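I opened this notebook to keep a record of what I looked up, entry by entry. The structure comes first, and my notes follow.

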Amino acid sequence: MNPNVQKSSVVHIGDSPRRVEDHKFLTGRGQYVDDLDFPSLVYGVPLLSPHAHARIVSIDVSRARQAPGVLCVLTGQDAIDEGLGGFPPLFMPEDMGGPKGYRTSRPVLVADRVRHVGDRVAFVVAETADQARDALDLIEVDYEPLPAVVELSDASAEGAPQIWEGAPGNRCCMVMFGNEAATTDAFAAAAHVTKLELLNNRVSANSIEPRCAIGRYSGVDDTYILYSSLQNPHGARQMLAQAVLKVEEIQLRVVSPDVGGGFGMKADPYPEDAMVLWAARRTGRPVKWVPTRSESIATDNHGRDQKVNAEMALDAEGRILAIRMRSMHSFGAYVMSAAVAPLTFAVRFVPSVYNVPSFHGVNVAFFTNTCPTGPYRGAGRPEATYVCERLIDQAAHELGLNPAELRRRNLIRPDQLPYSTHTGFVYDSGNFPGLLEKALRLSDEESYPLRKGESSNKGLLRGRGIGFFIEQGGIFNDKMTLRFDASGGLTILSGLHSHGQSHATVFAQLVSDWLGVPFASVKYLQGDTDKISFGRGTYAARSSMIGSNALRIAADELIAKGKPIAAFLMNCPKDAVEFKDRLYSGPGGKQIPMTEVAKAAHIKAGPLASFGVGLEASGVWNTDPPNFPNGCHVCEVVIDPETGVVEIESYTAVDDVGRVLNPQICEGQVHGGVAQGIGQALLEQVVYDRETGQLISGSFMDYGMPRADDIPVMKTQLEEVTCKTNPVGVKAVGEAGTIGAPAAVMNAVHDALRAVGVTHLDMPATPLRVWNAIQVAKVRGQS
Amino acid sequence: MRVHIKVNQVQRDCEVESRALLSDLLRDNLRLTGTHRGCDTAQCGACTVHLDGVAVKSCQVLAVQADGSDVVTIEGLAGADGQLHPMQQAFSECHALQCGFCTPGMVMSGVDLLRTHPRPDTATIREALEGNLCRCTGYVNIVEAIRVCADRMAAKGV
């Protein structure tokens with residue numbers, strides 16, 4: 001199982017054992033959805049809309065139905081005729097006490113009007129994938145194109161084409177936090193006001209394993225099985241059964257086997273998940289769908305896409321008096337998944353780690369003729385951090401202060417904790433000033449002038465930027481179960497779902513440490529609604545806190561349940577038994593390991609049988625109160641003004657993740673997050689043509705995925721400021737890098753470019769954009 | 001069309017369509033699903049295998065072009081006794097994989113790099129991985145694993 005762990009050995013919290021997951025992946029024996037095969041498997045492919053906005057006048061599928069190998073062709077009208085429902089949003093602001101918005105219901109297949117390039121119009125099932133794709137070309141759709149809007153400023157403009165009749169002005173919903181009157185007063189009294197307009201670029205998660213799905217149906221008992229690359233199988237079952245297929249949940253089993261990355265994009269089901277199940281019932285055959293990468297980029301929920309006007313008011317000493325923001329957020333063509341989560345967090349975390357006496361923030365969601373957006377790693381926290389950190393650096397520049405010094409004057413001090421923000425959070429723990437100083441030291445701040453001078457001598461521009469952030473790790477409650485077998489082996493049945501996060505290793509590590517069970521005797525089970533009673537999957541960096549605390553509760557209950565059995569085995573009263581140093585101990589130095597007690601709990605007759613059958617316990621943990629991971633990232637860039645190329649010379653991340661369960665895995669999470677943040681800052685953008693709504697960045701040839709030579713060596717340091725609101729003391733780590741990096745990188749880019757007169761640049765800072773900005777500044781300087 | 005091909009030391013005889021790719025032959029005909037398809041434009045590198053000893057993206061080779069050749073996939077990299085290749089070991093030690101999907105291609109590319117550059121510096125490793133995308137690790141530990149493997153293989157004179 002794990003070559004460097006002895007069969008009998010216990011692994012502890014804070015160790016970095018070799019991952020349990022690795023061997024199968026390293027030998028090509030992972031089982032992702034496309035690796036699964038079933039007898040008589042057939043293939044389905046959806047027909048995607050080539051128009052951003054069009055009325056469907058007619059669809060003729062007769063030629064496609066006659067094509068070789070074709071078993072069925074489904075359309076939007078078929079979905080209506082069969083009474084299939086649509087995909088609702090997970091929640092809207094009104095569900096949390098906010099103002100009412102416009103709730104869409106996305107159909108499995110569109111019958112009347114397509115609203116983005118990639119909207120699903122028909123589904124062809126054939127004996128082979130090639131036959132299905134060949135038949136797609138034979139479907140004749142008569143579209144009447146309608147004017148399309150892609151950009152937020154166009155969608156919100158007077159007289160803009162309407163995407164939904166029920167949403168005038170393309171406004172979907174809004175959220176608001178803070179106190180408007182107090183903020184207005186604070187701005188009126190300010191010695192200095194800094195203003196910025198920022199675009200947070202639309203990006204695509206692009207997990208290297210595309211979303212894909214297999215549907216099976218049994219007419220014997222009218223039941224379905226969905227195998228799908230999803231982060232949350234129980235949630236998918238709930239939505240598909242209740243809202244779309246309209247069957248009982250017991251009729252639908254959802255399995256998410258090995259999943260090759262999710263990043264929030266796979267958190268909820270998509271129309272294809274319903275299509276394969278529906279087509280499996282119609283054909284009586286298992287139906288597999290695997291997209292091309294271009295189909296993925298056109299149909300996977302995107303992330304970010306926000307336009308913000310933000311202001312910061314400061315007094316004469318550089319103390320923040322207030323922050324105000326007015327923001328627009330694109331939802332694309334439908335409200336999908338937890339789209340409202342980024343809308344909300346993008347406001348709530350703007351005050352960040354600073355003393356902000358007054359705050360007022362509004363974020364309005366708009367419909368556009370683009371693929372829907374949803375939560376993408378960080379979900380609103382990267383947007384919020386970008387607003388606050390860009391404001392601070394800009395203010396420091398305007399006031400002639402060092403950006404670190406301006407932060408020093410405003411950071412919430414440890415003695416101010418617990419600290420309540422104007423956006424409804426109570427920060428329990430943290431050492432923000434300590435993190436700042438550590439990050440500055442680790443990034444060699446002292447010798448920076450020397451490096452800057454050296455670059456300058458070579459005609460290069462060097463800049464340095466800070467990205468400080470705080471976030472909420474986790475949302476909702478969840479359940480973990482521990483179950484011994486008759487040989488003393490322990491199974492973790494997890495409501496959470498790892499798709500790269502290493503749950504099979506870390507959770508095994510915890511229970512091994514707490515219960516004294518050999519690490520190699522712990523099995524981790526997830527991702528199957530028939531095997532796991534209930535769960536909500538993994539997203540929003542929720543697993544480390546919810547999983548570990550739920551497991552702690554389950555472990556404590558196991559210890560208590562095993563006590564009378566241990567007492568019987570040691571022939572002593574129950575009260576004389578205690579569980580310490582991972583063993584049951586009785587009078588006279590007697591000791592019994594948990595595994596022996598578990599074996600005894602399975603004895604079928606005799607006095608032990610009176611204790612019941614087996615040894616099993618569950619724990620539930622809720623993220624209320626939440627935890628607040630935070631970090632200070634420092635980036636140093638060198639820009640060649642002749643080419644506009646931005647090179648990241650060093651990247652330093654100091655992250656307070658609470659108690660560190662497995663340092664190597666935590667650092668791996670930071671690395672991956674930072675790379676995605678660097679990607680957003682320097683390379684990535686989903687681009688639609690402004691006039692036609694055509695997707696321009698529709699393949700890996702066009703979309704700027706970060707490659708190995710785009711990512712620098714990173715200095716990472718984990719700070720253990722124990723969380724005070726959960727017994728294990730963990731915060732979270734999964735989103736840290738993605739939140740801190742865009743701000744740190746762009747602050748560094750601006751710091752470098754100010755020397756040549758560039759005052760503002762939006763992400764991604766590609767060589768062309770940087771070079772153009774330098775040329776414009778040059779011309780401006782001469783005139 | 002018939003394709004005669006040696007895969008992981010075993011001679012195979014496959015019937016494929018003329019448009020089938022080597023990746024299709026490996027995955028669909030031979031059920032060697034460790035070779036992954038992550039794109040269709042030769043960008044992601046998840047389908048990297050060794051064709052006659054050289055790393056290629058198997059989505060960029062027609063199955064019929066591989067007729068008569070010798071292919072090694074991720075399933076064939078470990079020894080017959082199950083002993084992992086030093087590259088596989090280094091990936092695990094350095095936590096160079098998270099979701100595991102890009103891993104087979106990364107490992108096959110890493111092995112090929114050390115064949116041509118036994119002691120690559122970090123910049124060379126990063127450049128050599130240009131054709132392999134990873135979304136989880138930020139490449140940091142992948143680069144480290146290849147470096148560790150190179151050191152170890154050099155020390156052993158492999």
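**Entry on a pair of strands.** I began with A:Leu199, whose bridge partner in strand 15 of chain A is A:Lys307. Strand 15 (residues 306-314) of chain A runs antiparallel to strand 8 of chain A, and nine bridges join the two. I noted that two strands pair if DSSP finds at least two bridges between them, and that helices (H or I, at least four residues) and strands (E, at least two) are DSSP runs, numbered from the N terminus.

**How I read the model.** This is a predicted model, in which local features need pLDDT of at least 70 and side-chain atom pairs count only at pLDDT 80 or more, while totals for chains, interfaces and linings use all residues. Residues are numbered from 1 along each chain as its sequence is written, chains are lettered from A and ligands numbered from 1 in the order in which they are written, and side-chain values use heavy atoms, with hydrogens and water left out.

**Entry on the five-stranded sheet.** I then followed the sheet that holds this pair, an open sheet of five strands in chain A with the order 7-17-16-15-8 and mixed pairing. Strand 7 (171-178) and strand 8 (192-200) of chain A stand at its edges with a single partner strand each, so one side of each has no neighbour in the sheet. On average, neighbouring strands of this sheet are turned by 10° against each other, direction ignored; axes here are lines fitted to C-alpha atoms, for helices over the stretch in contact, and angles run from 0 to 180 degrees between N-to-C directions.

Which strands does helix 10 (residues 340-348) of chain A touch as it packs on the sheet? I found strand 7, strand 15, strand 16 (320-332) and strand 17 (358-367) of chain A, and the direction of helix 10 makes about 155° with that of strand 17. Contact means heavy atoms within 4.5 Å. Helix 11 (residues 381-399) of chain A lies across strand 8, strand 15 and strand 16 of chain A, and it runs at about 140° to strand 8.

**Entry on the three-stranded sheet.** I looked next at an open sheet of three strands in chain A, with the order 4-2-6 and antiparallel pairing. Strand 4 (113-114) and strand 6 of chain A are at the edges, each with a single partner strand, so one side of each is left without a neighbour in the sheet. Two bridges pair strand 2 of chain A with strand 4 of chain A in the antiparallel sense, and A:Arg55 stands opposite A:Arg113 in strand 4.

**Entry on salt bridges.** Side chains of opposite charge can pair when their charged atoms come close. By the rule used, a salt bridge is a side-chain nitrogen of Lys or Arg within 4 Å of a carboxyl oxygen of Asp or Glu, and a search of the whole structure finds 69 of them over all chains. A:Arg55 forms one with A:Glu144, with the closest N and O atoms 2.9 Å apart. A:Glu144 lies in strand 6 (residues 140-145) of chain A and A:Arg55 in strand 2 (residues 54-60) of chain A, so the pair ties together parts that are 89 residues apart in sequence.

In chain B I noted a salt bridge between B:Glu144 and B:Arg147, at 2.9 Å from N to O. Both lie in helix 5 (residues 140-156) of chain B, three residues apart, which is about one turn of the helix. I also noted a network of salt bridges that links A:Asp34, A:Asp35, A:Lys288, B:Asp24, B:Arg27, B:Asp28 and B:Arg37.

**Entry on a covered strand.** Strand 20 (residues 461-470) of chain A is mostly covered, with ten of its ten residues buried. Strand 20 pairs with strand 28 (residues 630-640) of chain A in the antiparallel sense over ten bridges, and the bridge partner of A:Leu461 in strand 28 is A:Ile639.

Definitions and conventions:
Buried means under 20% relative accessible area, exposed over 50%, partly exposed in between (1.4 Å probe, protein chains only).
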